[in-house]
Amino acid sequence: MVSVAHSASARSAPVASGDGETQLLRGGEVASALRKEIRAATAHLISCGGPLPKLVTVSASDNPAAVAYRRSIVKTLDRVGLAHEPVDLPNGSTDADLQELLKQLCDDASVTGVLVLMPLPPHLSREVVNEFLNPMKDVDGITPANAGRLHLGLPCLAPSTPQGGILLLDHYRIPIEGAHAVVVGRSNVVGRPLAALLLGRDATVTICHSRTVDLESYTRRADIIAVATGAPRWLNRSHIRPGATVLDFGINVVNEKVVGDADYAALLGHAGAITPVPGGTGPVTALVLARNTVAAAFAQLGGTMESLASAFDEFVCPQAN
Ligand code: NDP
């Protein structure tokens with residue numbers, strides 16, 4: 001969800017390399033703060049009469065990235081004491097089967113969150129998810145209703161990956177208000193929602209993509225550059241001004257090693273701060289999903305998105321109309 005209390009801020013030890021020092025924005029500390037927050041919000045939910053939050057992950061393929069993401073979700077939820085149920089759509093399932101499954105899950109009061117693992121196989125339509133996933137159970141903020149609310153600045157469940165990026169900036173006290181942020185990538189799961197979140201925090205935001213002409217003229221003026229291109233080690237020294245902050249969302253496997261969309265080694269000593277890959281934005285994503293699952297349970301208890309906020313206010317229980 002959007003707009004929750006920020007975790008305690010911190011400074012990590014900077015790494016010196018070449019001409020300057022670069023602060024590493026590690027996800028581990030943010031992850032610890034999030035675990036604490038999720039446990040407290042779950043206890044608060046139960047004291048308000050809510051259920052133990054349960055996330056259902058729906059898989060329709062054996063895509064390796066989706067399999068790895070589910071594994072990480074299961075481990076994360078287990079550690080914070082939330083329930084998880086895997087549901088696998090059999091081979092040969094149709095759009096009608098997916099629609100029926102979503103309907104059942106959305107009608108089931110014991111299910112607080114539903115995540116359909118992407119990518120879907122070609123014979124299943126994303127439109128079915130858009131249309132039949134109840135926005136109040138859409139814990140990764142992918143439905144048009146949540147995306148629209150995010151862009152309108154209304155309470156919503158926002159995608160976990162970009163929310164994690166904002167939490168990292170807050171944790172390490174990187175100013176967002178008034179900063180010029182350039183987001184490279186315009187996907188619905190990372191680039192666009194991140195741009196909306198940054199705008200909501202009063203940054204001046206530019207979105208670049210593969211058709212942007214003279215992209216460096218934008219990135220070189222940025223205070224914060226967020227990169228989500230899916231191109232390994234793509235962002236390099238020539239893209240950024242010395243001292244700028246780099247948020248790297250990339251997860252690419254090159255020669256059996258996980259690398260980001262930024263050239264981490266080349267940017268050390270040039271960027272003012274950077275999220276390492278692995279160990280930066282990655283460890284935060286599944287925890288934000290867990291936090292959204294708890295917040296979604298509050299929304300369901302109160303019957304409106306306005307009730308999301310009571311997840312993190314220990315004195316307020318949602319009042320159903
Ligand atoms: P998509 O492929 O959906 O989008 C990539 C975006 O980058 C597109 O908007 C594309 O432009 C743009 N782009 C690609 N190449 C260039 C280039 N050379 N110059 C400028 N823009 C470019 O990817 P995702 O958003 O799903 O993922 C991006 C990265 O984030 C990946 O590395 C992925 O693994 C990672 N990821 C990480 C997550 C996490 O939890 N940390 C979660 C999800 C993704 P155009 O629109 O014009 O094609």
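**Salt bridges and their setting**

Guide: Asp 223 and Arg 241 are joined through their side chains by a salt bridge, with an N to O distance of 2.9 Å; the term denotes a side-chain nitrogen of Lys or Arg within 4 Å of a carboxyl oxygen of Asp or Glu. This pair links distant parts of the chain, 18 residues apart: Asp 223 belongs to the loop between α8 (216-219) and β8 (224-227), and Arg 241 to the loop between β8 and β9 (245-248). Helices (H or I, at least four residues) and strands (E, at least two) are DSSP runs numbered from the N terminus.

The model is predicted, so local features need pLDDT of at least 70 and side-chain atom pairs count only at pLDDT 80 or more, whereas totals for chains, interfaces and linings use all residues. Residues are numbered from 1 along each chain as its sequence is written, and side-chain values use heavy atoms, with hydrogens and water left out.

Asp 223 is partly exposed at 29% relative accessibility, and Arg 241 is partly exposed at 28%. Here buried means under 20% relative accessible area, exposed over 50%, and partly exposed in between (1.4 Å probe, protein chains only).

The whole structure holds 6 salt bridges. In another of them, Glu 37 pairs with Arg 291, their closest N and O atoms being 3.0 Å apart. Glu 37 lies in helix α1 (residues 27-47) and Arg 291 in helix α10 (residues 282-302), so this bridge ties together parts 254 residues apart in sequence. Both partners count as buried: Glu 37 has 17% relative accessibility and Arg 291 has 1%.

Asp 107 and Lys 103 form a further bridge, with closest N and O atoms 3.2 Å apart. Both residues lie in helix α3 (residues 95-107), separated by 4 residues, about one turn of the helix. Asp 107 is exposed at 57%, while Lys 103 is partly exposed at 48%.

A side-chain N or O atom of Thr 285 is 3.0 Å from an oxygen atom of the ligand.

Definitions and conventions:
Polar contact = N/O pair within 3.5 Å; in protein donor to acceptor, adjacent residues only side chain to side chain.
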